[in-house]
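The structure comes first, and the notes follow by topic.

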Amino acid sequence: MRRRTFFLGLSGLAGCTRGKRRLNVFNWSDYIGPNTVPRFEFEFDCEVRYHVYESNEEMLAKVFSGNSGWDVVFPSNYYVGPMAQTQLLAKLNHSKLGNINNLDARLRNPVWDKDLEWSVPYMWGAAGIAYTTKHEPAPARWADLWHESFKGRITMLDDAAETLGAALKKLGLPLNTADPEHLGKAKDELIRQKPLVRAYLNAEARDQLVAGDLLACQTWATTASQAIEAAKHLAFVFPAEGFSVYSDCAVILRESNEQELAHQFINYLLRAPVAAAIVNHSKTATANGAARAMLAPVLRDNQVLYPPESVLERGEWFAPLPPGAQQLRDRMWTEIKSA
Amino acid sequence: MNRLRFWTLVPARALNFLFFLVPMGIVVLYSLMTRGPYGGQAPPFNLDNYVRLADPLYLTILLRSFWIAGISTFFAMLLGFPLALFIANSGKSRSMYLNLVMLPFWTSFLVRTYAWMFLLRDTGLINSGLMALGVIREPLPMLYNDAAVVLGLVYGYLPFMVLPIYSTLEKLDPSLLEAAADLGATPWVSLWRVTVPLALPGIVAGSILVFIPCLGAYLTPDLLGGGKSVMIGNVVQNQFTTARDWPFGASLSLVLTGLVMVLLWLFVRKGGDKYL
């Protein structure tokens, strides 16, 4: 018995949901509004099982089996191609996604999925440097995080792709390189920087920056924007050498028995008012251009979440890596962390 | 009679098979496979993962893990023995103290580790307290170093040291200490020459119970060490998460398990089993 029929059987036994369609949605944590799902359930007379994850890998570990019981999941852009190639995704039917034109023009034909055959961009973000304006001079480049004056008061992300990415950008090398020579140089840079680094942190860096433990940290724009809201002496910069950009995208799994409802859900998320309500709550950067115009002004004009075009030009999308490069990067990351 | 014995042992054997041998078998199988192009595990079967392990990088991390786990066990012993002795001699309050030792287990280890982070941070309770009192001017760097990792490990696994030592001390015949005193031993001498030797089985058992989980720790080095001091547990965890290289992770954890088993076997062979 497939797990889904098992679950449906269970809920049927419970007696109250018999006959209702059921959609299983697996999304990142803090990526939805409080009313988003209940309103969808009401409008489409269905039930949604909505669960959250903290990392792509956590989601992939479940979805990889091909009978995970999920219908809609939200991989980052660089996992869309690999997931499609391993036959995990269902092709999207654009005739059922009438609201797709609401997408930001920049995300209508993205490099990882030119015609949005498999994925619909949902949120996006970038990494840069958050810092306290009390420290002079303010950092403007990745190279500034190698400066002695920050000794012991900076953190880098605990994320091989981001941290190696910052070092690669500092060196003027491509973000997604698989060249061992490039990666070796980036590794050496990070080992050289390590004595200055207090720790490799992701979300925890925010509190320490707000509390004043840190002078600067490599972090994501969304995290930085939350920190700036909590403490006015903080600021964020998109480093001059360039920076990484990612997008989390909605996809429908091939295993799903609710393709119709899944399309309806994605199309619902694409509605401008729905997408606006979500980001008013999550305070992240929506991929929905029409929704952005409807946001509260503090969010709409937030230059950290929505940097101007001139800044975005320096961004580079993460891309899937060949397995050998992945292995090499992982070994280097272990070497950096144990140096 | 033999038949009865066979059938009564069936549940135990089945449990052993289902929850130990089968999962271990899967780990062995995975460790011989190859990472798929985007994670997962696939044929061909070979020993490549074990060859990769011979890298000095992983050997250094392994040695470091043994060192950190060893130091943590030593401090847990240093703190655990007097505590167990105190509890064993507390008469009626014994069960209350024992419950207090167990109390931290009621909360998740993760939450308790975060609590330590709040204590040790630059703007944490200890540093702000000391600065308010004027003892220090600059915050002491207490978080994100090896000392913080050892502290977290000792704190986390101390009960595993206290309980076995307590159980040997509890059974200790008080007349032996009286006899030692009658023969002129000072309290210190009788502690060293009567109590400690008799508590040795508990100390050994406690040390093994503390050392093994410390060796595989990954949460504490990550949170209290700030990801700057990697232990072998972190490398294993990373293979199953970010690196998505389950076969390599499986071979790493098998080697770790194997090393621990060999050490225990050597210990028993050298006559250590009389302590167990």
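In chain A, strand 4 (119-132), helix 9 (259-269) and helix 10 (272-282) each supply at least two residues of the lining of the largest cavity. Helices (H or I, at least four residues) and strands (E, at least two) are DSSP runs, numbered from the N terminus. This is a predicted model in which local features need pLDDT of at least 70 and side-chain atom pairs count only at pLDDT 80 or more, while totals for chains, interfaces and linings use all residues. Residues are numbered from 1 along each chain as its sequence is written, chains are lettered from A and ligands numbered from 1 in the order in which they are written, and side-chain values use heavy atoms, with hydrogens and water left out.

**Cavities and a pocket**

- On a 1 Å grid over the protein atoms alone, a cavity is a set of points where a 1.4 Å probe fits but cannot get out, and a pocket is an open set with protein on both sides within 12 Å along at least five of seven lines; lining residues have an atom within 4 Å of a point.
- Grid points are joined across faces, edges and corners, and a volume is the space filled by probe spheres set on the points.
- Seven cavities of 30 Å³ or more are present.
- The largest cavity holds about 110 Å³, and of its 15 lining residues the closest to the centre are Pro121(A), Tyr122(A), Leu269(A), Leu270(A) and Ala275(A).
- Strand 4 of chain A gives the most to this lining, four residues.
- The lining of the largest cavity has 13 nonpolar, two polar and no charged residues (Ala, Val, Leu, Ile, Met, Phe, Trp, Tyr, Cys and Pro count as nonpolar, Asp, Glu, Lys and Arg as charged, and the others, Gly among them, as polar).
- The second largest pocket has a volume of about 310 Å³; 19 residues line it, and Gly152(A), Arg153(A), Arg198(A), Asp122(B) and Pro141(B) are the closest to its centre.

**Contact between chains A and B**

- Chain A contributes 30 residues and chain B 32 residues to the contact (heavy atoms within 4.5 Å).
- Three salt bridges link chain A and chain B (a side-chain nitrogen of Lys or Arg within 4 Å of a carboxyl oxygen of Asp or Glu).
- Arg331(A) and Asp55(B) form a salt bridge through their side chains, at 2.5 Å from N to O.

**Chain B**

- Chain B contains 12 helices and two strands.
- Its C-alpha trace spans about 75 × 70 × 35 Å along the principal axes.
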